[in-house]
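Good morning, and thank you for coming.

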Amino acid sequence: MTELIILLGLPLIGIGANYLLRSRKAQFGISLLIAGLHLGVSFLIFSGVVHPADNEFIRFDALSRLFLLILSHVYFWVVLVSYSYLNRPTLVNEESGKRLYFMMLNLFLFANTMALISNHLGLFWVASETTTLSVAPLIYYYADEESLEAMWKYLFLVSVGIAFAFIGLLFLTLSASGTAIAGQQLLISTYTRYSVLLNPIWLKASFIFVLVGLSTKIGIAPMHPGDIDATSNAPSPIAALMSGSLRGTALIGVLRIYQIMVPTATAEFARTIMVIGGMFSLFVAFVFMFKVVNYKRMIAYSSVEHLGLITLGIGTGGIAFVGAMLHTVFNSLTKMVLFFNAGNIHRSYRSREVSSVWNVLNAMPWTGWLFLAGFFAIIAMPPFGIFFSELMIFQGLMSRPWLLAGVMFLLFFIFVGMSKTVFRMLYAAPPSDAVQAEIPAEKFDIMHFASIVLLAALVALGVGMPAQLYATVVQISKDFGIVL
Amino acid sequence: MDIFLNIQGLFPFLFILGISPLLVGLINKQKALLTGRIGAPLWQPYFDLLRLTRKETIYAVTASFVSRLAPVVAFAAVLISSLMLPIGYVKPILSFNGDIIVFAYLLGLARFFQILGAMDIGSSFEGMGAAREATFAVFAEPIYFFTLGSLAFISGHTSIYDIYHSIRLDNPTSLVFIIVSSISAFFLMMTECSRMPIDDPNTHLELTMIHEVMILDNSGIDLFLYQYSSFIKIMIYAIYEASFFNPFSMQNPWLGFSVFIVMLLLLTALIAWVETMIARFKMKSIPQYLLFATAIGILNLLIYTFVRQ
Amino acid sequence: MENVLSILFCLTLLYIVVTSRLKTYVSILRTQGILLSAIMVFPFINHLSVHILIIPITSFIVKAVIIPRFINKIVIDLDVKRIVEPSIQPFNFLLLTVASMSVMFVSAHVLSGFTPIEPIPFASAFSAIIVGIYIIIFRKKLIVHVVGFMILENGIFLFGTSVAGEMPTIVELGAMLDVFVVVFLMGITINKIRSTFTQQDVSVLGRLKD
């Protein structure tokens, strides 16, 4: 019970406290305290020290535990860097955004936690809709035309998408009609237990609707545009939060329906759809990686790419599934590094356009080198964790050589496209006629500290995988009927 | 041939012939009252008709025999179709299986000759009116078939008399179906009788008229026939509409008849109200409203074809 | 009786396709809200209790009172032009809608063969979902998009009530609150769009692309 109070109750208190408190320092203090406690509890739950009791609405299985840890972890770092982020010299009229900032973060934490640990699919739906609501005002932080458009698109597309997911859930209810569990609550545990009884046609329809609907949040092509706009126009910590954890929260919804389908004959269908979705996301990332003129959009497309890889891994099954689960962890770490440093670049150069950013390595050495390291991490260079998880996905794809060849091809050109942009930003000399804005000398700050710690964690987790992490991932695979 | 021996059947026919100008008078009077005028007396339509019989009939120099033929054929067709409608409990003179089709095409024939007559005169105004009439007729005809047709489909009868007598209002599902049908039937009436949201019977601005512009060059007895047949048409469609709500005549003829009269009165009030409250639609947007009425009919048919309990 | 109300619900859908006035759109939303609450109450008409009435009453308050009022308020505050500005001929739109509705009814008929669903509410609900999407696609004004979204939500709601399994009260209330807050946030966003841009239709939203 204590765990639940800390996981769900504290963020709620945090919302109220942040509403009442006007001092930003106090808001930050409370939020950081809540984030720290949340991280502690989810780490204890993850490592098996604490076993919270499951009930009708709440369940801590291996999947929830892993995603909960990802959420707490990303959230903690985001809150940690937020204070210095908010205290930076103002770019535009972001004052109004700052007032709501920590309150909405607490709401985000509450809704996301609820979505991750809920055992009732209706509750999951409500919670994930709430995450959209909490993130929308945060996207509007800069209060300019672009962020307004991004907020509108995100809010609208995701709301329609979530509505579709609700249709999917209703189809799931229909699939149970005429069986032993007809008329019962939409509990994941019940439906998983009796999944063989369910009507396959409705089950398939349910999966399609949930996948398509939640894709707007996950960022699987072709439903990705709202997500791209939102991530690229949100302030960097929020972008990191969205890429690192919100997409995962939506993914868990798809995974839950898939989990129900696993023991039935429809699992193959779900896997095919996920492979198609994953491949298409890779393809979209590949196409747009050569077109982007905005480096934050580039990172957002990289998220589409990696979520595509994860979906592909889940769809492939076997060792690729394990790889996909690890990939969610590593991807969340890397995306934080990239967005934090992209935020630094954005602040100094006052532009998101690639063409007005040059010579970052000399002008801002800390940011530049960390951004470079983050770039190497995201394209899966060996010491970083993503290399290992991608390797596992490829290993799983071995049985389908054509698919593997396609994935390799797309990834290679994504790498080419991305590196073209990144190296141009980092190394290019300023054009002779450029009116160079004076870049202030850079000091080591909390964002750099966070990036270094996260990169170190990424290497450590990749090289020496903690037994607990691996055991959890294996447990998830077992829950999804994968024999390793 | 016992349908011809049915003397009682003459009653609906006489009723329609005699009362239809009064119905129009009622509508006009109520419209006048609603707009705060005193209005013409109730009997004005009778006086108008009487006046027309005394006038000389003049034909345009370009007119051929079609102009002379058209009013007579149109009037005759409307008269024959009025023979098929039941009033209250009375079985009409003409009633046979499939008469819903004949009914529709007799009215179609009347319209056809009216259009032909209008075009025969050779004036561009009449030509324009004829073109509009033909266009909107295309959209109006499906409404009839989808409303009465789906009723026929449900009841399994194809005669107007039988269809109306199979209507039951005790079941809420069929009640809502009747209500929905009557909405589209109301649209049909407004279109076919050139009433307000579709056509403006009072205006004499040629650009906005449909029906009136077609009979601009008719006079005397021809105009009498056209006017009278348009009165009868209003009566026909009013009966068509009012009979949806009249299932009582099977048990008690007098109750049925009085309900019928009340329904007619209500209908005139409704027409007057609609004509007062709603401005005429833009010519451009008339088809979509007619299609809306058709869509309602289609909806009915869909519901009862595919999801009948 | 649910069938009757569902048919009326379908009629509102047909009408919203034909009409082009913003005011009518809002009153149709209100009508749909009333119809939906009535549909929810009806199965329990014989054993009413406070507990059962919570959801219908909330849905009535949210869908038939607050949201239409809120949208009306935005329309008045922002002085939106009262025409919806379609990007498709209304006539073609209606044809498209009737065709989609027919498909829905036929598929409801087919589906009811092997699943115990109520065909009329099912088909009406899916017609509403499709009409909502069409409105979002074929209309230019952002406020009309919100109405389209609400119609879509109403469709889902109707579908939800026609499917046997009931959600716990807390979940239903949460869903209702979410929908309300979404509409509220959208309204605020439109307000901001109004103060940032000169227009409030989709043409202003073209800055973000690759």
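What percentage of the contacts in chain C with a separation of 6 or more comes from residues 24 or more positions apart? The figure is 75%. Please keep in mind throughout that this is a predicted model.

Let me stay with chain C for a moment. Its secondary structure amounts to 7 helices and 0 strands, so that, read from the N terminus, the order of elements is α-α-α-α-α-α-α. Chain C has a radius of gyration of 18 Å, close to the 17 Å that the globule rule gives for 210 residues, and it is therefore as compact as a globular protein of that length. Along the principal axes, its C-alpha atoms occupy a box of roughly 55 × 40 × 35 Å. As for burial, 49% of the 210 residues of chain C count as buried.

I turn now to the contacts between chains, beginning with chains C and A. Chain C contributes 31 residues to this contact, and chain A contributes 41 residues. On the side of chain C that touches chain A, the elements giving two or more residues are α6 (142-162) and α7 (169-196) of chain C. Of these, α7(C) gives the most, with 12 residues.

Let me move to chain A and to some local features of its backbone. I begin with helix α8(A) and what follows it. The 19 residues of α8(A), at 1.5 Å a residue, should span 27 Å; the end C-alpha atoms lie 25 Å apart, which agrees with that expectation. Is α8(A) mostly covered or mostly uncovered? It is mostly covered, since 14 of its 19 residues are buried, where buried requires 20 or more other C-beta atoms within 10 Å. Just after this helix, Gly219(A) adopts a positive phi of about 90°. Pro222(A) belongs to the loop between α8 (200-218) and α9 (225-233) of chain A.

Two further residues of chain A deserve a look, as neither is a glycine and both have a positive phi. For Ala143(A), phi is near 55°. This residue sits in the loop between α5 (121-139) and α6 (145-175) of chain A. Because it has 16 C-beta neighbours inside 10 Å, Ala143(A) counts as partly exposed. For Arg350(A), phi is about 55°, and the residue is found in the loop between α13 (319-349) and α14 (360-363) of chain A. Arg350(A) has 13 other C-beta atoms within 10 Å and is therefore partly exposed.

That concludes the tour; I am glad to return to any of these views.

Key: Residues are numbered from 1 along each chain as its sequence is written. Chains are lettered from A and ligands numbered from 1 in the order in which they are written. This is a predicted model: local features need pLDDT of at least 70, side-chain atom pairs count only at pLDDT 80 or more; totals for chains, interfaces and linings use all residues. Two residues are in contact if their C-beta atoms, placed from the backbone, lie within 7 Å. Helices (H or I, at least four residues) and strands (E, at least two) are DSSP runs, numbered from the N terminus. A residue is buried if 20 or more other C-beta atoms lie within 10 Å of its own, exposed if 12 or fewer, and partly exposed in between; C-beta atoms are placed from the backbone. The expected span of a helix is 1.5 Å times one less than its number of residues. The radius of gyration is taken over C-alpha atoms; the globule rule is 2.2 Å times the number of residues to the power 0.38.
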